[in-house]
Each structure stands twice: as structure tokens, then as C-alpha cells.
Amino acid sequence: MTGESMAQAATRGYLPVGDEDYVEDLNRNAAEGAGSNGRRWRQAFPELFGRSLPLVVGKAVAELTVAFTALGKADRLPQLVVFPTRSHEVSAHYEPKADNTGLVVLSDSLFILCSIYCRQLGQATFDISNTTSFAKLGLRMIIAQIKGTLGGDPARLAVLLRHHHINRRAHGMATAVATRRDVRDRDSLSHQDFSDLHLMPAIRFFLGHEMAHHVLGHQTECAQSPEQETQADLLALQAGALAYASDVKTSVTPDRYVREQWLDDAGEFYALVASVIAMLAVQSLEDALMIRRGRTHLPARDRASSLIDLLLGDDRIRKHESAIGRRDKSFRKRIDSERVGLEALTRSLMVATEKAADFGESPYGFNWTGLPAAEVVMSGGMGLTESSRLDRLLSQPSEELAAALVHSPLSVGALHARLGDTRRAMREWGIPETVIDNAHNRNVGLAYYTIVDYLRDAGHEQGRTGVELSDHPLIAATLTARQLPGS
């Protein structure tokens, strides 16, 4: 197409997210998926999901553009294309192009995962602060800190994340669970305020991070350059803090009680909380859905530690006090309290993230009891019971998985995979040679669903049905994934 940039042309390689209400988009995808339960999804999503995802992204891009402009970093933004996708092989990444344009691609799963984290954190914050007694508030906070649940119950959050990951691994589909608590809270403005407090800032951060790579002219994959990764994180946080402070200032007029500096400081702190949430969403998605992460993002703990050291470390205190020429006790107190508060708020989120994304062999499997089935009102795609069944099936030792395919058309390939000859296994299953080469390239990220999808397509062509089409491709993919280089 005349006048089309290389970045615009590259979007055709990814599945778009529909322009309709995002919940309707999820309903359609769930109805079309192999794991569909035939029921419509009435998820209690935050208000912003009542619009199309491209519109939400467009709003965030506009807000970040204003912030980047204020920071003097907007020169290259007109050459940037931002594209949300339903494609299963991507989380969030930036692609620099030879014509100086750039493409930012974002998985719709990131928006779902951030919503799950923020809903959990919002509910936990609301439960602790919903009292007029300072004594009760203090006691609740102390108990939550001791238990490590200031950010909510990590076991419950891990189940919510795991359900999403199982659906995406099995059917390439983003989805989530609605609980009775979600339904009760749906019309509660006070609760919704707590949940929404972090959601848009988290979206701004993972989007701003990829935009920052373009703004800063980065050409190297971020995981190969920790310094560039930290630069992009810092710029994204600064832009997000400006956007957050701007949001607050539209509803709160600074006066002698609410100083403008306080609003700026609050913007920075909440942008930092949101940045950790966004980092965890990216890590959760990549660790759980990728056989091999390839050249993607650094672990969330490392990224967060670098960013926290920059903003809440001793160097910042020294620079501040050097600038004003004296010791500043109030600034030191603020930095110390923010560091402690951030660690307490995000501790349970990090624990849940690591538990939910562990798909290694396990004699006991993942613990699904963190969210009782009676609390679940609706789940997109597979129900919680089916998700847990598949999860237990795929956590078995490799010899048991291979035995489960003995009478399957995939049995010969499974034997080769079990013995470590994954190339021969994939050829036996009819997977194209180009895909096989890609699967064995340590420098390329590979989505688990890529193998499942090819096996299911072949099964359709050969007329397979039932477990041969549902479970067996997942078992074969699991056997293969455990043996692939770099997995």
C-alpha cells in the first residue's frame, strides 16, 4: 500500500483485537474455542473494559504522549505504531524498523492479567481500610504484613492466574474467572475505586516501556541489554507518574492541605506500584506460556529491584540532600516508608506469580484449593474444574505422559520425544520443517500453544475427535517442551 510504513505493514503478521466492547470480543473468542463451555461470560471487569481494547490503548498512548512531550522525549513518537493482538506468541515487545518507524505489539492477555492483579490488590486494600477505627486499621495492617497478605491472599491469586495460563496454553485464548466477590463488588464504587487505582497506570507502564525503547532509539533486544531495559523502565515510570498526577489534579484541587508536591509524590509512588504489577504480568505471561522465552524481558524481580534502587535508594537521598545543602529528615522518612510499603504491597503478588507459572513435573500438581469452586460464578473458556484436571494431567512424569499416548496416533512421535529426539518426533507428527527449525533455535522465543495448534490442525485433517483432539496434543506438546533446547 502506497505510503504505508514498515511498522504498519508488520501489523498484518498479528491477529487483531476486535473493535467492539472487549468483553464481547472475549465472549466471541470463548464461543469459538475448543474449550468452550457454551456459556456467555459476565465478567466483572473494570469500566475501561466496557470499551474496545484498541480504544483503551489509544487513550493510554495519548496520555503517555503528553507525558513524553513534557519530558522532552516525544520527537520520534509520530513514527510509532501500537497494536494490541490476540496472537499467542507475543507478550509485549518493540520492533524497530529500517525506515525509522517502530512497532509496539501488546498481547490482550496482559490487560487481563493486570486486571486480575489490580482486582486482587484493590479487594485486599478495601478490606483492610474499610473501617472508621484507626486501631482496627492498624491491627489489620500489622496482621496482613506478618502473614504476607497485605496485597491479598497469594494462594487465591495464583489460582486466578493459573486458570488464565491453562486456557492460553490449551486453547491460545485469554480469559479470567469471575467470583461471587467480584459480582458483589461490581456496583460498589468505593471498592471499584481501589481496583481501578492501579489498572490504568499498570497499562500505561507496560505500554510506556515499549514506547520508551522507540523514543530512546534502542535497537538491541532488551534482555540482551539490562542497561537499556532499566532506561526504558525509568522513562516509562516517569511518564506514568506525570499521567497519574495529571489524573489526580483534575479531581483534586491543590490547596494548603493538599499540596501540589504531594500529588506529584503520590503519582510517583502509585506509578511505581503499577510498574511492579505490569512487570509481574509480563513475567507471568512469558514464563507460563512460553516453552522458551527467547530474547524477551528480564525477570520482574530484577527489573523492579533496579527501578526501586533508582527511585527509593540511598543515592537518591544523597542527590536530594546535596541539591538543597542539608539533611532532610522528612524526605528520608518518605523514601523509607515508600520502600517498606511497596515491598509489603507487592510481596504476595510476586509469590503468586512464581507459583502460577511453574509448569514443571510435580508429583502433587498445582494447588487449586486457594479459590474454592463454590466461589466461582463464571469463567471464560474452560471452567475451573476442567482447568485443574488438565493441569494435573500435564504435571505427571514424562514416562506417564508417554504411556498415556500408547494407543494414540501420536504414540510413535511421543516415544521419540520421550527419548529426546524432538526433531524426529515433530516430523512424525507432520509439523512443518520451518517450525521445527524455529522450535530448536535457542535464540527464538516459542509459545507452548504453537505446538498444540499444529497437532490439533493435523488431528482435524485426520478426523480425530474426543481426547485424541483435546488432551493428546497437550500431552505431546508437554513431552516435547520438556526436551527442547533452552526450555
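The dialogue below takes the sheet, then a helix pair.

Analyst: This is a predicted model, where local features need pLDDT of at least 70, side-chain atom pairs count only at pLDDT 80 or more, and totals for chains, interfaces and linings use all residues. Residues are numbered from 1 along each chain as its sequence is written, and side-chain values use heavy atoms, with hydrogens and water left out.

User: What is the strand order of the open sheet?

Analyst: Helices (H or I, at least four residues) and strands (E, at least two) are DSSP runs, numbered from the N terminus. Two strands pair if DSSP finds at least two bridges between them. Here three strands form an open sheet in the order 1-3-2, with mixed pairing. Strand 1 (80-85) and strand 2 (92-96) are the edges, each pairing on one side only.

User: In which sense do strand 1 and strand 3 pair?

Analyst: Parallel, over six bridges; strand 3 covers residues 102-107. Pro84 has Leu106 in strand 3 as its bridge partner.

User: At what angle do the axes of helix 12 and helix 13 cross?

Analyst: Axes are lines fitted to C-alpha atoms, for helices over the stretch in contact (heavy atoms within 4.5 Å). Angles run from 0 to 180 degrees between N-to-C directions. Helix 12 (residues 314-324) and helix 13 (residues 329-356) cross at roughly 160°, and their axes come within 11 Å. That makes the two helices, helix 12 and helix 13, roughly antiparallel; angles under 35 degrees count as roughly parallel, over 145 as roughly antiparallel, 65 to 115 as roughly perpendicular and the rest as oblique.

User: Which residues of helix 12 and helix 13 meet?

Analyst: Arg316, Ile317, His320 and Glu321 in helix 12 meet Phe331, Arg332, Arg334 and Ile335 in helix 13.
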